[in-house]
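Subject: A structure for you to explore

Hi there,

Here is the structure I promised to pass on. Have a look at it first, and then read my notes below.

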Amino acid sequence: MTGHPQTDLGLYKPPQTVRGMTELDRAAFSQTVSVPAIRIPTQVLNKVVKGLKKVALQRPGLKRVVEDHSEDGNTYSSKGEHRLLLLDPNNITYADSFGSEEAEALKAYGVPQEIHKYQLKLTYENLKSEEILRAVLPEGQDVTSGFSRVGHIAHMNLRDHQLPYRKLIGQVIIDKNPGITCVVNKTNTIDSTYRNFQMEVLAGESNMVAKVRENGVLYEFDFSLVYWNPRLSTEHERIVSLLQRGDTVVDVFAGVGPFAIPAARRGCEVLANDLNPESFRWLQHNAKLNKVDRKITSFNMDGRDFIRGPVQERLPALMKGSHKIHVVMNLPALALEFLDAFRGLLGPEPDQSLSCLDDNLPQVHCYGFSKEDDTQRDVVERAEASLKISLQGQCSVHLVRNVAPNKEMMCVSFTLPRGVLYSTHTQNRDISEEPCPKKQKCEDLTD
């Protein structure tokens, strides 16, 4: 999305008249610049161009090989015996600028190392997003043209100093990125309740229903009403890779299904929940779209109510099975606090002699944001505070991504302790001090 400023700015010096422009005038960006060129006989043109590709001028929509014109505009040879190869002025300024590799290529085909000057007209079409925005915005200001792509939608997070230029920025993004037909800017922080945010359409159509393919799965949803983050693709894939056919996945904050649907496609039974009615609707839609609606039971509930209702009802039977149970809690702003819903979830512990039969304890993958210096320690301590039990030596922590300066998204994974699930256990004790009765027999039964 961003160019190479040191190269681009050396070639393109925009007219001062575009500085401060808020309505895009494409014609105003046209400039004629002098660039170095080398004269090559037509019969060896392709071979020499290949040898000089590292120093050739590369611009969007620009021909590198042009007619050989004299300074007055006349063609040197009516037979077209020569062509000019335009060179990057940051690499080549005079005849001795060529490296040994290029010099050898020229010598091999008898091409003189003589630099010509070519008057090149650069138009808006030949410029990159960053060049245009750097020319327009106040000098010295950040002009990052990066965005998240969600189907045909480009989602930007503009800073305050960029807002007066937001309509122009939106149009530039559409012009320079094929397939983008709508540009939006987030106008508030994500609502932790429904995980959506207010947005303003900067340019293009107002169609918010996006079609996205992630890890081979197709999703459709209204981007203005649900949560979707294209930067979580790798994390979705990581968790799904842990699953085996026949496992059960409990997705507490399922969104439109980026964990639930790939899990169902992998042969898992899925209980998927989301409080946002729009997310719930698109989750069901995507389950049908991917032909896994029979593998997914969906709910539209608060996360705690979901855990203390449908999950509580099904968990005892699932724990007596041999397939693993995975609980995914991807609501990083709040999920660690929701872990308290598991405390005493299954009531008094059953007869100790039967305990090995339900030793198939759920594996939890819980997400959280952290701004602390020691992010791993922070998320583990917060999980322990909710569970009222120690996880020391009993969990793993994975860095998902950097969200902002000094803010990380983390995933803490652990086996849900018996001391949490059953109300008869004494809380606040280390789970390493809590051996499983007849552990060896339990392992024999589950192998």
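Let's begin with Glu101, which is partly exposed, with a relative accessible area of 46%. Please keep in mind that this is a predicted model. Which residue does Glu101 form a salt bridge with? The partner is Lys54, and the closest N and O atoms of the two are 3.5 Å apart. This pair links distant parts of the chain: Glu101 sits in helix H3 (residues 100–108), while Lys54 belongs to the loop between helix H2 (45–51) and strand E2 (65–67), 47 residues apart. Lys54 has a relative accessibility of 55% and counts as exposed, because the exposed class starts over 50%.

Arg314 is partly exposed at 32%, whereas Glu313 counts as exposed at 62%. Back at Glu200, there is also a network: salt bridges that share partners join Arg166, Lys167 and Glu200.

Which residues of H5 (residues 166–176) are buried? They are Leu168, Ile169, Gly170, Val172, Ile173 and Ile174. The elements covering them include helix H4 (129–136) and the strands E6 (153–156), E7 (182–186) and E8 (199–204).

H4 deserves a look of its own. Two packed helices are described by the angle between their axes and the distance between the axes. For H4 and H5, the axes come within 10 Å and cross at roughly 160°. The two helices are therefore roughly antiparallel to each other, and their crossing is right-handed. On the H4 side, the contact is made by Ser129, Ile132, Leu133 and Val136, and on the H5 side by Leu168, Ile169, Val172 and Lys176. Sorted by type, the residues of this contact are six nonpolar, one polar and one charged.

Enjoy exploring, and write back with any questions!

Best wishes

Notes: Residues are numbered from 1 along each chain as its sequence is written. This is a predicted model: local features need pLDDT of at least 70, side-chain atom pairs count only at pLDDT 80 or more; totals for chains, interfaces and linings use all residues. Side-chain values use heavy atoms; hydrogens and water are left out. Buried means under 20% relative accessible area, exposed over 50%, partly exposed in between (1.4 Å probe, protein chains only). Helices (H or I, at least four residues) and strands (E, at least two) are DSSP runs, numbered from the N terminus. Contact means heavy atoms within 4.5 Å. Axes are lines fitted to C-alpha atoms, for helices over the stretch in contact, and angles run from 0 to 180 degrees between N-to-C directions. Angles under 35 degrees count as roughly parallel, over 145 as roughly antiparallel, 65 to 115 as roughly perpendicular and the rest as oblique. A crossing is left-handed if the near helix is turned anticlockwise from the far one by less than a right angle, and right-handed if clockwise. Ala, Val, Leu, Ile, Met, Phe, Trp, Tyr, Cys and Pro count as nonpolar, Asp, Glu, Lys and Arg as charged, and the others, Gly among them, as polar. A salt bridge is a side-chain nitrogen of Lys or Arg within 4 Å of a carboxyl oxygen of Asp or Glu.
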